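Here are some friendly notes to read alongside the model. Please keep the structure open as you go through the points.

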Amino acid sequence: MEFLSDIASLINSTLRISTPLVFAAMAGIFAERSGVIDFSLEGKMLMAAFVAAVGSYYLGNPWLGLLLAIIACVCLSMLHGFASVTHKGDQVVSCVAINILIIGLTTALAAAWFGQAGLTPTLNEDQRFLEIHLPFAEALRDIPIIGTLYSDILSGHYVFVYLAYLSVPIVFWIVFKTSFGLRLRAVGENPSAVDTAGINVFAMRYKALAVNGVLIAFAGAHLSTAVNANFFREMSAGRGYLALAAMIFGKWHPKTALIACLLFGFTDALQIRLQGVELPAIGEIPVQLIQALPYILTVVLLAGFVGKAIAPNAIGQPYIKER
Amino acid sequence: MVSPILELSNINKSFGHVHANKNINLQINKGTIHGIIGENGAGKSTLMSIVFGLYQANSGTIKINGKEINLKSPRDSIINGIGMVHQHFMLVENFTVLENIILGFEGETVFGEKLQKAKQDLEKLCQTYNFNIDLDATISDLSVGFRQRVEILKSLYRGAEILILDEPTGVLTPQEVDELFKILRALKEEGKTIVLITHKLIEIMDLTSEVSVMRQGEMVGHTKTEDTNKEQLAEMMVGRSVLLRVDKKEIKKGETIFQVNNLSVKDDLDVTRVKDVSLEIRSGEILGIAGVTGNGQTELLEALSGIRKVESGKIELFGEKISDQDNFLNPRMLKQKGLAHVPEDRQRMGLITDFKAHENLIFGYHDQEPFSKSSILNNREITEYSNKVMQEYDVRPNSPNLITSNFSGGNQQKIILSRELNENPKVLLVGQPTRGVDIGAIEFIHQRLIDMRDRGAAILLASVELDEILSLSDRIIVMFDGKIVGEKENKNVTERELGLLMAGVA
């Protein structure tokens, strides 16, 4: 039975590790489907983590911390929109600027407010999100298979984990079953068609960026107020970029992007699990190599397996109406 | 007296320094087909974009049914019963017909009842006008003719009473044009008002009852179509009398100097676009390639001019092999052998539009005397030469230091032409020589091509304008789906015959 519980704990960590990726990928889908490149998922996630941690430290409630994180991320999204939608600046440059700004800003503010470079104070139990144990989880644990599935895999996660997987069908529904989704997809494919249909292209892109800001805030809050109890320097650790890769791998589609996020999450869970483990015939694999696994996978998948990832037609292009 | 359904007074619009519309006055009567004719850049599209609410006029008023309205966005125009079919279709390619049509007018937040109702309404509309459109088809699977119908259907569904069509026939085969005209006449019978923007005189004479002429941003005349003729309209458009027919001497055919055998060529996506094409061109002959855009003409020209690799087959110049699947000469070597190329896409391949005119005029010869010596450019020689050539080719404005993108399409084409014809090539490959070129310049360019032919050059002319093919060529081949589907001497060939071949049905 040890094998089974190994598997269960591997799946459990996959779900947890994939959570910020899923939020970020869904956020990316909104921005990029509207035709705006979003490299700044990384920076916004970091910002959200910082603001959520600081907010719940001072206000004593993690939900208020999350709310502040949402406000901060929407502001950053609007900044990105102001530079690249209104003023038609280069979208990648705007994102890179945001990312660099946030790395410096969070470190500096933490130093100024708490006297520690890039660290915020540890949150106590009231100030952070706790694991949710589903009803009867303990009682059902001993039932074979179902017990493992319910008690060890489904139960005992932070609220963000459940929200992340719930967000996927919702995003799918919004993008493909509502008029907002139709306009969103159209504005990323052919903004002129949207304009001539009497819809404001710029407003549409700002709306998409606002949703993007809300979603990415959840990813950051998950990092600093749920799985960790404080913010530390560069704690997003490339997850924003990884999520972007997952979104491209998933061809800008919520369902396939979810699968890609889970895949990345799984390799990460696996590498933690494999550290220091002797594998038959191979022996112990160097830790560095194992840690590089998710990133190697990203490169291989993006380079080889995805085939042609067909991006929204108008992505990266500012909309210019008059010649 | 009929009251006008649409009335424009004193419309002005500027883009930066360009005054695109100057004090335009226009009245369009209900239930008519009204033509607006003018050269490229005369301001027709700008004017209609203002009526459609896409651009906002700097000054002036617009009245519909006698009531002044303020058009801030296309939404305002659509609500007031104005629909527009743009030259470049405003469709999302990976959406279905239905999705494209309801976009912006969904009527509900979550798709459900209204979507079903829209579908029923559209099916009824399709039946009424015999459109034969599958509402669930994806746009990218539809032919250009059908896409245009989708655009018309879209406008009708949104309640258009006035339908503006901007250069609707540019991309259609002659048969598709006939179909379109049938639809437009039917719409007129229904009481709809149609505004047709075009630079083709024949369409005006065919379809409209009234016509307005624009020149350089100004409205230069209104008249009933029955009171005018093509020559008179052309004169109004250009501002001087124009020769509409090309004067051409009898052909003096020489020997074959350019030969292509069983050529196949793939495009960048690895799709075979030219399939087993064989042709030959004799000295003193213009061979025209007719065909709808995208049937392999582009790739054929690129392969012949040494830009694109040959998949199989061979190309011979003066009996000497220049390209096959193993090796090919690059454009520079071909130029030395007497082959010149005026590319289809002049702004992308023919010119570096950010360069000054004099730089583009000598590009390719810039490392030869007298333009340079020991790798150093001789600016005095270049300027002198440029002044001379620009005068000879009537490039306006005659200023070699102007950035090339500031010249009009016709003048840009003259710059390329002067460069390519400079060394008296034996073989000349020309793609779409007059696309986006005004009538005055067309006349000049055609005359130059005829002169080259009379001097014994072998010319290959690819054009989507059938008029151009018919008036210049000595022999015509038609391409469809990468293959040559017909070859005819240019005697008594009708547009209809060629049209059927172009559509792949004959």
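1. Over how many bridges do S1(B) and strand S4 of chain B pair, and in which sense? They pair over five bridges in the antiparallel sense, with S4(B) covering residues 59-64. Strands here are DSSP runs of E with at least two residues, helices are runs of H or I with at least four, and both are numbered from the N terminus. Two strands pair if DSSP finds at least two bridges between them. Within this pair, B:Leu6 has B:Ile64 of S4(B) as its bridge partner.

2. A word on conventions before going on. This is a predicted model, in which local features need pLDDT of at least 70 and side-chain atom pairs count only at pLDDT 80 or more, while totals for chains, interfaces and linings use all residues. Residues are numbered from 1 along each chain as its sequence is written, and chains are lettered from A and ligands numbered from 1 in the order in which they are written.

3. The S1(B)-S4(B) pair belongs to an open, antiparallel sheet of four strands in the order S2-S1-S4-S5 (chain B). Strands S2 (18-29) and S5 (67-69) of chain B are at the edges with a single partner strand each, so one side of each is left without a neighbour in the sheet. On average, neighbouring strands in this sheet are turned by 25 degrees against each other, direction ignored (axes are lines fitted to C-alpha atoms, for helices over the stretch in contact, and angles run from 0 to 180 degrees between N-to-C directions).

4. Now the other pairings of that sheet. Strand S1 (residues 4-15) of chain B is joined to S2(B) by eight antiparallel bridges, and B:Phe15 is opposite B:Val18 of S2(B). S4(B) and S5(B) share three bridges, again antiparallel, with B:Lys63 opposite B:Glu68 of S5(B). Their hairpin has two residues between the strands, and B:Asn65 there takes a positive phi near 50 degrees.

5. Please look next at another open sheet of four strands in chain B, ordered S12-S11-S14-S15 with antiparallel pairing. Its edges are S12 (272-282) and S15 (320-323), each with a single partner strand, so one side of each is left without a neighbour in the sheet. Strand S11 (residues 256-266) of chain B is antiparallel to S14(B) and joined to S14(B) by five bridges; B:Gln259 has B:Glu316 as its bridge partner.

6. B:Gly313 lies in strand S14 (residues 312-317) of chain B. B:Gly313 is buried, with 20 other C-beta atoms within 10 Å (20 or more count as buried, 12 or fewer as exposed, in between as partly exposed, with C-beta atoms placed from the backbone). Leaving out residues up to four places away in sequence, B:Gly313 touches B:Asn261, B:Asn262, B:Leu263, B:Ser264 and B:Asp324 (contact: C-beta atoms, placed from the backbone, within 7 Å).

7. In chain A, the axes of helix H2 (residues 41-59) and helix H10 (residues 201-227) come within 7 Å and cross at roughly 55 degrees. The contact includes A:Leu41, A:Met45 and A:Phe50 of H2(A), and A:Gly213, A:Ile216 and A:Leu223 of H10(A).

8. Finally, the interface: 19 residues of chain A are in contact with 22 residues of chain B. Helices H8 (179-189) and H9 (191-196) of chain A each supply at least two residues of the chain A side.

Methods:
Two residues are in contact if their C-beta atoms, placed from the backbone, lie within 7 Å.
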